[in-house]
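Please keep the sequence and the structure in view while reading.

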Amino acid sequence: MTDEPAKTAIKADSPQFTAQTAPGTPLLRIDAVVKTFGGFRAVDTLSLEIQAGEFFALLGPSGCGKTTLLRMLAGFETPEAGRILLDGKDIAAVPPHQRPVNMMFQSYALFPHLSVRDNIAFGLKRAGMRRSEIAARVGEMVALVKLEGMEKRKPDQLSGGQRQRVALARSLARRPRLLLLDEPLAALDKKLRESTQLELMELQRRLGLTFVIVTHDQQEAMTMAGRIGVMDAGRLQQVATPRELYEAPRSRWIAEFVGDINLLEGELDNSPDSHPGMARRLAIATREAGTIHVAAPRQPPTATQLCVAIRPEKVKLSRRAPATEDMRAMNRLEGVVTDVGYLGGVTSYKLKLDSGAVLRSAMANTTRLDFDAYAPGQRVVAWFSPEDCVVLEQ
Amino acid sequence: MSGRAIFTRPARLAAIAPYLWMALFFLVPFLFVVKISLSQTAIAQPPYTPVFNLNGGWEAIREAFAALSLENFRLLVSDNLYVLSYLRSLTVAAISTVILLLIGYPIAYGMARLPPRGQAVAMMLVIVPFWTSFLIRIYAWINILQHDGLLNQVLLALHIVSTPVVWLSTDGAMYLGIVYSYLPFMILPLYATLSKMDPALLEAASDLGASPRAAFWHVTFPLSLPGIGAGALLCFIPIVGEFVIPDLLAGSDSLMIGQTLWLEFFTNKDWPVASAVAVILLILLLAPLLLYDRLQRGQLERA
């Protein structure tokens with residue numbers, strides 16, 4: 001049978017595995033890439049840079065183009081326009097089997113006729129590695145994913161978690177410059193998923209590899225990734241660290257997509273008495289909650305129709321109004337508790353403000369006894385600091 | 001709960017129904033054939049002896065048993081005619097199966113890669129010949145291949161040949177007929193395994209550095225082996241016993257075992273020898289049949 005040892009594939013000791021990217025230049029540069037499917041723009045003029053050693057997550061709702069982007073990085077789809085530069089070389093037209101990139105498939109795509117060992121060795125054999133080297137590398141990978149003793153099993157004799165490990169070991173065996181992970185944990189149950197998340201992070205740090213993971217699970221992206229690119233309609237809506245993404249969403253869409261949030265629409269109030277002696281504050285006259293004071297963003301808003309965004313856990317509740325001079329309680333709204341959801345670590349409340357608007361609050365249950373709990377029908381004051389608000393354009 | 005408890009009485013009956021069917025319509029008639037194969041030919045009605053006669057009492061039955069012999073089998077082994085017929089049948093079946101595989105595999109592979117709509121159309125095209133009687137289709141080939149047939153007319157008209165070529169009554173014509181008739185039986189099981197294959201496996205192979213050719217030999221081909229086995233046996237077994245195609249399309253200088261059997265039975269009126277031929281044929285085919293059975297069992301267990 002034909003095996004064409006590595007005329008096209010890359011040798012294991014070739015620069016692919018050892019090349020270092022010059023400092024400052026990104027490992028991967030995606031430059032204005034476009035991909036359409038029958039007129040539908042799955043990926044629309046998208047640009048992105050990923051540094052060597054990064055753990056990058058592509059997050060987005062289904063159909064946002066994140067998987068298409070990943071498949072273009074793997075070589076299964078060819079972009080219609082734009083460039084994909086890996087180590088400065090355009091790989092957009094390079095077929096998958098010639099790329100120093102490996103992918104872990106959502107379905108794992110393990111070869112059912114091959115044992116664990118042969119699955120892991122598959123890529124090494126295609127690279128034309130010597131038998132002894134292959135055996136050593138396979139042993140190393142098996143130990144890495146803690147599958148010792150399972151080498152001779154076939155995929156159908158493994159549990160879901162074990163299969164996931166084989167898939168990971170197989171995709172890491174060639175020591176790719178870039179590892180792509182397509183929803184790698186989607187098929188695992190919650191407990192296993194959480195422990196595997198930590199293991200993946202550990203592995204990535206230890207091996208110093210560059211990971212790009214596609215997921216629709218925010219928690220997963222936030223936990224694992226150093227940076228997250230949020231995609232919608234084929235475009236990157238924001239690329240930021242998990243904290244930035246959550247605390248400083250760039251748009252209303254991001255604010256609503258990532259986590260829970262209260263949005264109060266209004267317009268900028270420029271009357272002088274709306275700024276009680278404080279610079280760096282903006283007053284926004286909301287339709288539903290009166291004037292809300294917010295910290296002035298670094299870039300003053302250009303539109304007048306604005307939206308105040310406040311995360312539920314930043315909205316505190318109390319029975320009586322806090323002292324008026326307390327700047328952290330500069331924004332205060334009164335209302336009635338309508339819903340109480342006890343979630344263990346936190347309790348989430350839904351309030352009906354006097355204006356009729358709905359406001360959500362989440363309070364950490366820091367004590368075992370429920371001194372702070374509020375019951376439906378109870379009248380409360382909700383208050384929050386200007387610094388905790390984000391101003392977004394509508 | 002024990003696994004057996006869920007089988008209620010009607011369910012158990014349903015489970016043994018196929019075996020009853022096989023016993024009634026295969027095993028019992030086959031035992032008749034075995035009995036006749038041990039008898040001697042006679043000018044009588046029925047044309048063999050001894051005949052079991054239950055009215056003759058215990059003694060008559062014992063005599064009948066004593067009259068049975070392996071004489072016919074000794075004849076089959078000693079006479080070259082039969083040995084050569086068996087050998088020819090096995091050779092023709094083996095060669096045909098290889099040709100069928102070489103033609104059928106690419107067709108099934110191509111079908112499995114068509115878009116769903118195209119797959120349905122291709123499937124229809126494979127099955128459509130079954131709508132015409134098998135015999136009529138073979139006669140159509142005779143029309144095409146005969147001395148003044150369509151093929152020679154076209155070749156003469158195009159000046160590719162100057163005198164008509166002898167196509168009919170050759171081994172070539174026979175192989176053509178066999179391949180033509182059995183192709184669907186090769187394509188369908190191959191298509192079934194190939195279309196079930198997860199396309200992500202080929203992507204994974206490619207991702208791991210396998211060229212399209214390496215991906216085929218290391219992933220597609222090994223995973224299609226059950227289909228190859230099923231298709232090969234589904235063709236090989238009936239081709240060994242094939243009678244109509246060699247009789248109509250091949251020359252008369254060498255016979256396949258099906259033709260020999262026909263001759264013994266209808267021309268020589270030698271039922272015992274014909275029966276012996278059939279028994280040996282069955283024993284010869286038992287090996288591939290058992291193999292096929294094991295293969296299917298393995299597939300079921302994996303599914």
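A residue is called buried if 20 or more other C-beta atoms lie within 10 Å of its own, exposed if 12 or fewer do, and partly exposed in between. Tyr180(B) has 18 C-beta neighbours inside 10 Å and therefore counts as partly exposed. The model discussed here is predicted.

**Chain A as a whole**

- Chain A contains nine helices and 20 strands.
- Along the principal axes, the C-alpha atoms of chain A fill a box of roughly 80 × 50 × 40 Å.
- Chain A has 394 residues, of which 39% count as buried.
- Among the contacts in chain A with a separation of 6 or more, 65% come from residues 24 or more positions apart.

**The six-stranded sheet of chain A**

- Strands of a sheet pair through backbone hydrogen bonds, in either a parallel or an antiparallel manner.
- In chain A, six strands form an open sheet in the order S6-S7-S8-S3-S9-S10, and the pairing is mixed.
- S6 and strand S10 (235–240) of chain A are the edge strands, each pairing on one side only.
- On average, neighbouring strands of this sheet are turned by 20 degrees against each other, direction ignored.
- Strand S9 (residues 227–232) of chain A runs antiparallel to S10(A), and five bridges join the two.
- Within this pair, Val230(A) stands opposite Gln238(A) in S10(A).
- Helix H5(A) packs on the sheet and touches S6 and S7 of chain A. The direction of H5(A) makes about 175 degrees with that of S6(A).

- Strand S8 (residues 210–215) of chain A is mostly covered, with six of its six residues buried.
- Strand S3 (residues 55–59) of chain A runs parallel to S8(A) and is joined to it by five bridges. Phe55(A) stands opposite Phe211(A) in S8(A).
- Strand S7 (residues 178–182) of chain A also runs parallel to S8(A), with five bridges between them. Leu181(A) stands opposite Ile213(A) in S8(A).

**Helices H3 and H5 of chain A**

- The axes of helix H3 (residues 116–126) of chain A and helix H5 (residues 160–172) of chain A come within 7 Å and cross at roughly 25 degrees.
- Angles under 35 degrees count as roughly parallel, and H3(A) and H5(A) are therefore roughly parallel to each other.
- The crossing in which H3(A) passes H5(A) is right-handed.
- H3(A) contributes Val116(A), Asn119(A), Ile120(A), Phe122(A) and Gly123(A) to the contact, and H5(A) contributes Val166(A), Ala169(A) and Arg170(A).
- Classed by type, the contact of H3(A) with H5(A) has five nonpolar, two polar and one charged residues.

**Positive phi angles in chain A**

- Ala32(A) is not a glycine, yet its phi is positive, at about 50 degrees. Ala32(A) is found in strand S1 (residues 28–37) of chain A, and it counts as exposed because it has 12 C-beta neighbours inside 10 Å.
- Tyr108(A), another residue other than glycine, has a positive phi near 75 degrees. Tyr108(A) is in the loop between strand S6 (101–104) and H3 of chain A, and it is buried because 22 other C-beta atoms lie within 10 Å.

**Features of chain B**

- Tyr180(B) belongs to helix H8 (residues 171–196) of chain B.
- From C-alpha to C-alpha, Tyr180(B) and Ile138(B) are 9.3 Å apart in space, and they are 42 residues apart in sequence.
- Gln45(B) and Pro46(B) are joined by a cis peptide bond with an omega of about -5 degrees. Pro46(B) lies in the loop between strand S1 (40–41) and strand S2 (48–49) of chain B.
- Thr49(B) and Pro50(B) are likewise joined by a cis peptide bond, with an omega of about 5 degrees. Pro50(B) lies in the loop between S2 and helix H2 (57–67) of chain B.

**The contact between the chains**

- Chain B supplies 17 residues to the contact and chain A supplies 22 residues.
- On the side of chain B that touches chain A, helix H9 (199–207) and helix H10 (212–223) of chain B each supply at least two residues.
- That side of chain B comprises ten nonpolar, three polar and four charged residues.

Notes. Residues are numbered from 1 along each chain as its sequence is written. Chains are lettered from A and ligands numbered from 1 in the order in which they are written. This is a predicted model: local features need pLDDT of at least 70, side-chain atom pairs count only at pLDDT 80 or more; totals for chains, interfaces and linings use all residues. Axes are lines fitted to C-alpha atoms, for helices over the stretch in contact, and angles run from 0 to 180 degrees between N-to-C directions. Helices (H or I, at least four residues) and strands (E, at least two) are DSSP runs, numbered from the N terminus. Angles under 35 degrees count as roughly parallel, over 145 as roughly antiparallel, 65 to 115 as roughly perpendicular and the rest as oblique. A crossing is left-handed if the near helix is turned anticlockwise from the far one by less than a right angle, and right-handed if clockwise. Two residues are in contact if their C-beta atoms, placed from the backbone, lie within 7 Å. Ala, Val, Leu, Ile, Met, Phe, Trp, Tyr, Cys and Pro count as nonpolar, Asp, Glu, Lys and Arg as charged, and the others, Gly among them, as polar. Two strands pair if DSSP finds at least two bridges between them.
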